[in-house]
Every structure is written in structure tokens, then in C-alpha cells.
Amino acid sequence: MVKLWRCQICGDPYVGDEPPANCPFCGAHKKYIFEAKKIDVSFDVRLNAKDKANAEHALEVEVSNASFYFCAAGKTDDAEGKLLFKALGKVEAEHAAIWKKILKLQTIPDKKEECRIANKDNLEESHRREDRAIEFYRKAANEATDLRIKQIFVALVEVETDHLELSEERLGAR
Ligand SMILES: [Fe+2]
Ligand SMILES: [Fe+2]
């Protein structure tokens with residue numbers, strides 16, 4: 001029987017027989033997915049100066065990475081690469097939406113990033129971007145005093161690490 005599930009990280013709902021292994025929207029791992037009626041998800045957090053600065057930086061990182069991935073999805077010279085970058089673009093755009101909610105913004109800022117034609121170049125750029133994101137999120141998680149902010153940073157370290165594995169697997173196969 002289908003149920004309504006909800007991701008505790010991005011707050012988005014999912015209809016299915018079983019909880020998904022990863023949130024189909026933000027990629028959060030299964031441990032953050034519960035029956036919708038059984039959890040509360042809040043983005044109403046009182047941010048201290050450090051958490052606010054980190055949330056603002058996180059928004060910038062996610063907007064930039066989403067833009068890079070959508071560019072690569074259109075341009076890269078590999079059929080599977082196009083699909084991979086489209087999937088990653090959607091996840092990073094969802095991450096940007098999390099920070100938009102936390103920062104109580106009306107809109108998501110716009111940023112146009114460049115990408116390449118050669119799939120290998122885009123995979124290498126993806127690897128650099130995910131490395132930087134993981135390092136930043138780890139630091140931000142350690143600095144966070146608010147438990148909800150810490151939870152989001154920790155969950156996103158896991159998701160960006162999954163993304164890093166995707167580029168590593170493909171770069172290593174060459
Ligand atoms: Fe992300
Ligand atoms: Fe990522």
C-alpha cells in the first residue's frame with residue numbers, strides 16, 4: 001500500500017510503497033525519511049551570526065553548482081554524462097531551496113556558470129566543486145550551534161560525498 005513519506009532535510013513529500021533509499025529531491029540518506037504524518041520539519045531557525053554567514057555561503061555554493069551542472073547537462077559530449085549532470089543539477093537546486101527557506105528569502109539569487117564540452121573536463125570540475133562543498137559543509141557542521149542547522153550540514157556532507165563518488169568512479173574508469 002502506498003504511503004506518503006517526507007524528507008526531514010528538504011521537507012519534500014514522496015508517494016511510494018517504501019521509503020526511498022535516498023530522498024529523490026535532495027539526496028538525503030534513508031535515515032532522514034519518515035512517514036509524513038509522523039514528523040515535523042521546520043525551517044524556522046533563529047540563526048546566530050556564524051550560522052547565518054555559513055547558510056549564506058551554502059546558498060551561493062549550491063546556486064553556483066546547480067548552474068554548473070545544468071550547463072554541463074546541456075553541453076557535455078557524453079550521453080550518460082548529460083543525464084548525470086541533469087540529476088546533480090536538480091539535487092543542487094533543491095539544496096539551494098533548503099538554504100532559501102532557512103534564510104527566509106523570497107527568491108533564489110541567479111548565477112550563470114560556465115562548463116565545457118569534454119565530459120572528462122566537466123567530471124573534473126564536478127570533483128573540485130564537490131570537494132570544496134564537502135570541506136565547507138564539514139566545517140560549517142562543526143561550527144553550528146543550532147541542532148537543526150547542524151543536522152542539515154551533516155546530511156549534505158553525506159550527499160555531496162555521494163556526488164564525489166560518481167565523478168571518481170567515472171574518472172577512474174578512463
Ligand atoms: Fe549540494
Ligand atoms: Fe553535490
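Helix α4 (residues 147-172) has 26 residues that should span 38 Å at 1.5 Å a residue, and because its end C-alpha atoms are 37 Å apart, the two values agree. The expected span is 1.5 Å times one less than the number of residues, and helices are DSSP runs of H or I with at least four residues, numbered from the N terminus. This is a predicted model, in which local features need pLDDT of at least 70 and side-chain atom pairs count only at pLDDT 80 or more, while totals for chains, interfaces and linings use all residues. Residues are numbered from 1 along each chain as its sequence is written, and chains are lettered from A and ligands numbered from 1 in the order in which they are written.

**Buried side of α4**
- Among the buried residues of α4 are I149, F153, E160 and S167, where buried means that 20 or more other C-beta atoms, placed from the backbone, lie within 10 Å of the residue's own.
- The buried residues of α4 pack against α1 (49-75), α2 and α3 (119-143).

**Helix α2**
- Helix α2 (residues 79-102) has 24 residues and reaches 36 Å from first to last C-alpha, close to the expected 34 Å.
- Just after α2, K104 takes a positive phi of about 55°.

**How α2 and α4 meet**
- The two helices α2 and α4 pack at about 170° with axes 12 Å apart, and they are therefore roughly antiparallel, a term for angles over 145 degrees.
- Residues L84, L88, V91, H95 and I98 in α2 meet I152, L156, V159, H163 and L166 in α4, with C-beta atoms within 7 Å counting as contact.

Note on methods. A residue is buried if 20 or more other C-beta atoms lie within 10 Å of its own, exposed if 12 or fewer, and partly exposed in between; C-beta atoms are placed from the backbone. Two residues are in contact if their C-beta atoms, placed from the backbone, lie within 7 Å. Axes are lines fitted to C-alpha atoms, for helices over the stretch in contact, and angles run from 0 to 180 degrees between N-to-C directions. Angles under 35 degrees count as roughly parallel, over 145 as roughly antiparallel, 65 to 115 as roughly perpendicular and the rest as oblique.
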